[in-house]
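Let's take a walk through the charged pairs of this protein. Keep the model open beside you as you read.

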Amino acid sequence: SSARCQRRAATVGVGERQQQHITQKKSSNPFRSPPPHREQMAALGPDRDQGGMEEGAGLTVSSMIKEIQGLKDKFKDEDVEAPSPFQDLEKATVLQECRCFHEPNIEPRKCATLITKMLHIVTQGEALTSTEVTDVFFGVTKLFQSQDPYLRRMMYLFIKEVAETCNPDDVIIVTSSLTKDMNSNDDLYRANAIRVLARIIDTQMLGAIERYIKQAIVDKNTLVASSALVSGIRLHGANPESAKVVCRWVNEVQEAVSSPNDMVQFHALSLLYEIKKNDRLAISKMVTQLTKSNMGSPLGVCLLIRYISKILNDDASAAVARMAQTFLESSLRHRSEIVIYEAAKAICTLDNLDQRDLNPAITVLQLFLSSPKPTLRYAAMRCLSEVSMRHPMAIVKCNDDMEALISDPNRSIATLAITTLLKTGSESSVDRLMKQINSFMNEIADEFKVVVVTAIRQLCLKYPQKHRVLVGFLAATLREEGGFEFKKAITDSIVELMHAIPETKESSLLHLCEFIEDCEFTALSTQILHLIGSLGPTTQAPARYIRFIYNRVILENAQVRAASISALSRFASQVPGIRRSVCVLLSRSLLDEDDEVRDRATVALAALDGLDLSAMKEDEPMEPPLPGEEEEEVANVVPEKAAMLLEPLPMSFAHLEKAVKLYAAHGGVEDGQPLSIDALPVVEEPVAPVAKGDALSSNPSVAAGGAAATSSGGLSADAEVVDAAAAVYAIPELGELGRVFRSCAPVELTESETEYVVKCVKHILDGHVVLQFDVTNTIAEQQLVDVSMKVENSEPELYDEILSIKCDKLVYGVQGSCFVVLARNPEAPISHASFNCELEFRVVEVDPDTGDIEGDEDGFEENYPVETLDLNTADYMAKVSLGDFRRAWETTPNDCDVEEKFALQQFKKLEDAVENVIEFLGMQPCDGSDKVQHAKKGAPHPLYLSGKFVGNVPVLVRAMLQLDSSQMILRICVRSQDEAVSRMVADCIR
């Protein structure tokens with residue numbers, strides 16, 4: 001299409017030039033008679049005058065514009081009517097047509113069209129079999145006998161495209177033809193042949209053509225030089241061997257950096273950086289030299305600016321730091337706009353810069369805001385939006401320019417402008433901005449609306465006094481049309497503001513109640529109903545929410561009805577004044593068509609059955625409690641029988657499913673005991689890596705108390721149940737020891753490069769510890785027989801080795817396991833113990849190809865010492881959540897509490913101290929307390945932990961860490977139902 005546009009423009013341009021040439025020729029003809037005088041024209045009559053004007057009008061600008069517009073419309077109609085040549089292509093038909101590649105008389109245009117069709121089929125995702133690729137590839141290689149340049153270029157494209165899917169032995173066949181093209185006199189053939197060779201050659205072949213590529217790098221033809229440099233960049237990243245070859249081209253590449261051509265200079269600088277990037281001193285020297293030279297390529301200067309920015313961000317105290325900052329400031333006055341923007345962006349992204357250091361860059365970006373080019377306005381606006389997150393006051397002077405961009409026809413620019421203004425605006429400007437956003441929101445897509453909603457939420461957290469205006473705007477927007485992501489963003493924002501600003505709780509709940517009256521998204525309805533059930537009973541007038549909830553029981557689908565029943569149950573259990581009426585509403589759902597709705601209503605009524613409803617009539621006012629009876633009255637609001645309606649599950653549904661499957665797999669069903677939560681095996685919380693920046697992010701779904709969001713713990717409900725103790729249960733001698741309480745993560749006892757790789761899994765049982773040693777033989781010429789592990793115990797009064805199980809045979813590359821069983825003394829407190837381990841086995845020499853034994857079948861004895869194995873108290877602690885930490889702490893007796901105070905001399909940062917305390921105790925952090933919020937320097941940080949000790953003993957820990965006078969102080973309180981367990985957990989800190 002771009003080619004057609006260029007041809008049309010050329011056609012129109014030729015027409016204009018021809019018309020101008022005719023006009024000039026007429027005006028410059030000396031033999032042409034002069035134009036008649038005005039009086040003569042008038043004497044000829046009005047018709048002649050009008051006709052003459054019409055004839056002359058054909059040469060005017062307006063008539064030419066009309067003619068060009070007609071041509072444009074004509075071509076436009078042709079584009080619409082012309083069918084695509086690639087429409088409804090069938091692979092089989094095209095492959096059949098490709099047989100013409102083998103004909104003796106080649107038709108270049110036909111073959112080029114077929115190659116184009118094959119490339120279209122491949123790029124559209126339709127896979128070719130290896131046979132099909134090979135047949136077409138061999139056919140294409142026969143086309144090298146044609147000298148048609150268009151066909152040759154299509155051949156290059158096809159070879160590059162199928163090089164990775166074709167057999168390497170087949171691809172290497174074309175290297176002789178490509179090498180011939182690389183040495184031809186046609187620069188177009190040379191450039192393309194180099195780029196294709198870079199895709200298909202190996203390291204051995206690279207050494208043969210290395211000198212040709214080095215010559216091409218310094219070639220006078222810019223196309224050849226750029227192709228060689230781009231090929232070098234690709235070869236450098238292909239594999240380490242090729243990178244070593246490319247590093248030998250450094251002299252030629254440095255010469256290419258001085259090329260007068262902009263693109264060659266840009267590619268040469270890219271390759272030079274790739275060669276030297278692992279040498280910090282060489283990079284600093286390169287940057288110093290290039291900043292002193294006058295690079296002519298704007299793209300090359302942009303690349304240099306990025307390298308300088310990386311150097312400054314990695315080490316601001318580098319020797320070239322001052323020179324680099326000076327270069328960045330001078331680049332703000334470059335003649336190229338792209339260089340100016342790149343320099344301004346680099347300055348704005350530097351760390352540890354004061355606000356005054358940003359002023360030159362902010363001034364340049366402010367000028368770009370008024371540029372007629374949309375790309376510059378968008379780039380400047382995006383950069384200012386990022387700066388506003390770190391230095392909002394630095395861009396206040398741009399507010400007037402950004403307000404003008406709210407009405408920009410480019411909606412991306414307008415969205416960035418309004419969100420940046422929301423971050424930098426003052427409290428007095430909130431009302432004015434909200435008026436501008438009202439008309440703005442109806443004109444943008446949902447993805448831009450989500451960005452605006454996020455900015456409004458942050459503004460409300462910044463200025464809580466304006467919560468009425470901002471929450472009202474979010475509520476009004478929530479009732480407008482929009483998709484799920486947009487509605488969810490508003491809902492999450494309102495929920496987060498409810499928890500951050502308590503004054504918004506009741507008004508926000510009413511807004512959400514009105515929203516679910518006409519909500520088409522089941523997930524949002526259930527989340528909001530759960531929120532109403534959690535917060536509604538504690539409001540001043542809880543009865544007002546019953547109507548909204550019961551409407552959902554009547555009008556919605558089964559999932560929403562079930563969530564409504566749960567919400568009504570919470571109201572009935574917590575608000576005595578409406579309990580009778582809610583029980584009547586619940587009884588109407590006993591005959592619901594959905595089984596889950598019926599079950600929830602039945603459970604709720606059974607929990608509320610038997611309560612004294614006579615003193616809880618809805619129309620009777622509740623008398624205020626006496627001064628001495630206030631606590632007792634509050635305690636009796638939630639009856640003990642109905643407390644189960646408010647208690648969350650101690651684990652997620654995914655963990656519950658896995659625990660039940662493990663319970664059934666290991667004979668739990670056959671023991672005749674009733675199934676309970678305490679009888680289930682422990683399923684630990686998965687430890688997921690935390691991405692950078694997660695500590696500062698908020699999760700509104702968690703704040704809302706959504707069951708799916710709060711309890712999943714990163715474990716999918718349909719995840720495959722993997723039992724780490726399966727190897728223990730598979731051995732009869734070990735299966736008799738009982739159920740495994742928990743299995744620790746594997747501990748590497750050797751390096752992965754050693755001849756024998758050993759790792760250990762510690763399985764904790766109530767009275768025993770099973771050490772599973774997984775051994776891998778990495779020597780192909782050896783077979784290990786009777787493999788066992790000899791352990792020397794440092795705590796003989798605590799552990800006693802009672803059983804050792806050998807691995808009969810270990811062949812090359814196959815992992816085997818041997819076991820050591822330790823009996824634990826129940827009278828002795830659990831403490832740290834270390835074990836010196838030594839692998840014992842017999843070595844039998846075998847043929848590495850066949851595996852047959854060579855020489856002595858008995859082999860010879862061998863010992864292989866490995867690293868020391870540690871067994872800590874934390875290994876006996878399972879990382880599990882016990883539900884609501886505050887409620888669990890208050891309901892657990894404090895008779896067995898153990899309180900300690902420690903000075904952690906080795907830690908100077910709160911983050912490090914928190915991480916190591918969690919590791920020492922081996923427990924699960926609760927309520928996000930493992931994220932350190934730097935609210936105030938020197939402020940204490942609370943840490944809440946939960947877990948289950950061996951024997952299924954729940955353990956809770958409340959800790960407080962504080963950096964006091966450059967010393968880390970830890971205050972810890974351990975609570976459990978066993979004082980000995982509390983003491984052992986507290987002693988984990990060492």
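A residue is called buried when its relative accessible area is under 20%, exposed when that value is over 50%, and partly exposed in between (1.4 Å probe, protein chains only). This is a predicted model, in which local features need pLDDT of at least 70 and side-chain atom pairs count only at pLDDT 80 or more, while totals for chains, interfaces and linings use all residues. Residues are numbered from 1 along each chain as its sequence is written, and side-chain values use heavy atoms, leaving out hydrogens and water.

The structure contains 24 salt bridges, a salt bridge being a side-chain nitrogen of Lys or Arg within 4 Å of a carboxyl oxygen of Asp or Glu. Start with K488 and D492, whose closest N and O atoms are 2.8 Å apart. Both sit in helix α28 (residues 484-500), 4 residues apart, or about one turn of the helix; helices here are DSSP runs of H or I with at least four residues, numbered from the N terminus. K488 is partly exposed at 23%, whereas D492 is buried at 8%.

Now turn to helix α11 (residues 187-200), where R190 and D187 are 3 residues apart, about one helical turn. Their closest N and O atoms are 3.1 Å apart. R190 is buried at 17%, and D187 is partly exposed at 27%. Together with D219, these two residues form a network of salt bridges.

Finally, look at E210 and R248, which form a salt bridge with closest N and O atoms 2.9 Å apart. E210 belongs to helix α12 (residues 203-217) and R248 to the loop between α14 (240-246) and α15 (250-257), so this pair ties together parts that are 38 residues apart in sequence. E210 is buried at 10% relative accessible area, while R248 is partly exposed at 47%.

Key
Helices (H or I, at least four residues) and strands (E, at least two) are DSSP runs, numbered from the N terminus.
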